[in-house]
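My entries follow in the order in which I checked things.

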Amino acid sequence: MSSFILGEASVGPGQRATVNLPVSTLSNHTHVMLPVHVVHGEEPGPAMFLSGAIHGDEIQGVEIIRRILNHPALQGLRGTLLAVPIVNSFGFLNHTRYMPDRRDLNRCFPGTDRGSLASLVADIFFREVVLKSQYGVDFHTAALHRSNLPQVRLAPDEPELLRLAQAFAPPVILISRLREGSLRLSARGAGVKVLLYEGGEALRFDEPAIDAAVRGTLRVMAHLGMVEPHPRPVGQTVLSDASSWVRAPESGILHTTRRTGDRVGKGEVVGVVADPWGQSSLPLFAEWDGIIVGRTNLPLVNRGDAVFHIARATPLAAIRQHPDEAAALADEDEII
């Protein structure tokens, strides 16, 4: 087993090291780095990256990666783990999703060293971390004032990724087309298999979502032979290739009757919107049979606001027969 090279650093078999990759400087000339923690096993195996806070306010991935790095399973790691808890340090420090140039980093891949600041960060992360891996898990949350049920998203017609997602065993696997400029689209073009994990809320820690991500990632690593087998999941995974948002029929005060993870039937009442005086209320109905995978956490809504995200359960055979019918899921900040 040879040493692993990252930037100008060399990490020997059985060693750990944090490598700081230079990114830029702040306007006060403070240096900004991209810290990558390398865990290089003594035995051969695949290289896998873990990334958090590509959207700077989605801080939960930082805690997920911290727990994985401290897990006893890594003591016998085979292969190499590249952990980047904070990709967008600019947004992370300022509690915002975006880069200082107002760009969404997950629309700037694979990046270039001659472009915008977001493009520079995307280029360094993609070139130094993603392209040196065969697999990856990218951790995300819902947007501000929204929460997501733990779920894994992957592109249609990706049988190996589907097997990895099934090994992860989240409550829901969502099949959706890739977005231009996204990390997953660029990674697929380079032959790197990347799962996207969604769970919890921006600027908050959600313990069940954190625990599901840690356990699921370790199951994926066990599936790849990187660590010893991890305990099997409890519960079943719902597979879906279609989802929609239930929107408020009127402005007012939202009262919800269902939670994320609940199964709902077509036409079922999932909440009501009432006026502040209690003189009138309008129900919200589920558009189809499915499972609630996301919701707003704000009780104050305007007419047309997205309230519940419901994924339709889809048999695996139907997804395999119609891989091109899956739609592209909008980002959480695009749903208002």
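**Helix packing and burial**

I first noted that helix 4 passes helix 6 in a right-handed crossing, where right-handed means that the near helix is turned clockwise from the far one by less than a right angle, and helices are DSSP runs of H or I with at least four residues, numbered from the N terminus. The contact (heavy atoms within 4.5 Å) is made by Arg163, Leu164, Ala167 and Phe168 of helix 4 with Ala212, Ala213, Gly216, Thr217, Arg219, Val220 and His223 of helix 6. By class I found six nonpolar, three polar and two charged residues in this contact, with Gly counted as polar.

I recorded that this is a predicted model, in which local features need pLDDT of at least 70 and side-chain atom pairs count only at pLDDT 80 or more, while totals for chains, interfaces and linings use all residues. Residues are numbered from 1 along each chain as its sequence is written, and side-chain values use heavy atoms, with hydrogens and water left out.

For helix 3 (residues 117-128) I read a reach of 17 Å from first to last C-alpha, close to the 16 Å expected for 12 residues at 1.5 Å a residue, the expected span being 1.5 Å times one less than the number of residues. Nine of these 12 residues are buried, so helix 3 is largely enclosed by the rest of the structure; buried means under 20% relative accessible area, with a 1.4 Å probe and protein chains only. Among them are Phe125 and Phe126.

Lastly I looked up Ser186 in helix 5 (residues 183-189), which is buried at a relative accessible area of 14%. Leaving out residues up to four places away in sequence, Ser186 touches Phe109, Pro110 and Phe126.

Notes:
Helices (H or I, at least four residues) and strands (E, at least two) are DSSP runs, numbered from the N terminus. Buried means under 20% relative accessible area, exposed over 50%, partly exposed in between (1.4 Å probe, protein chains only).
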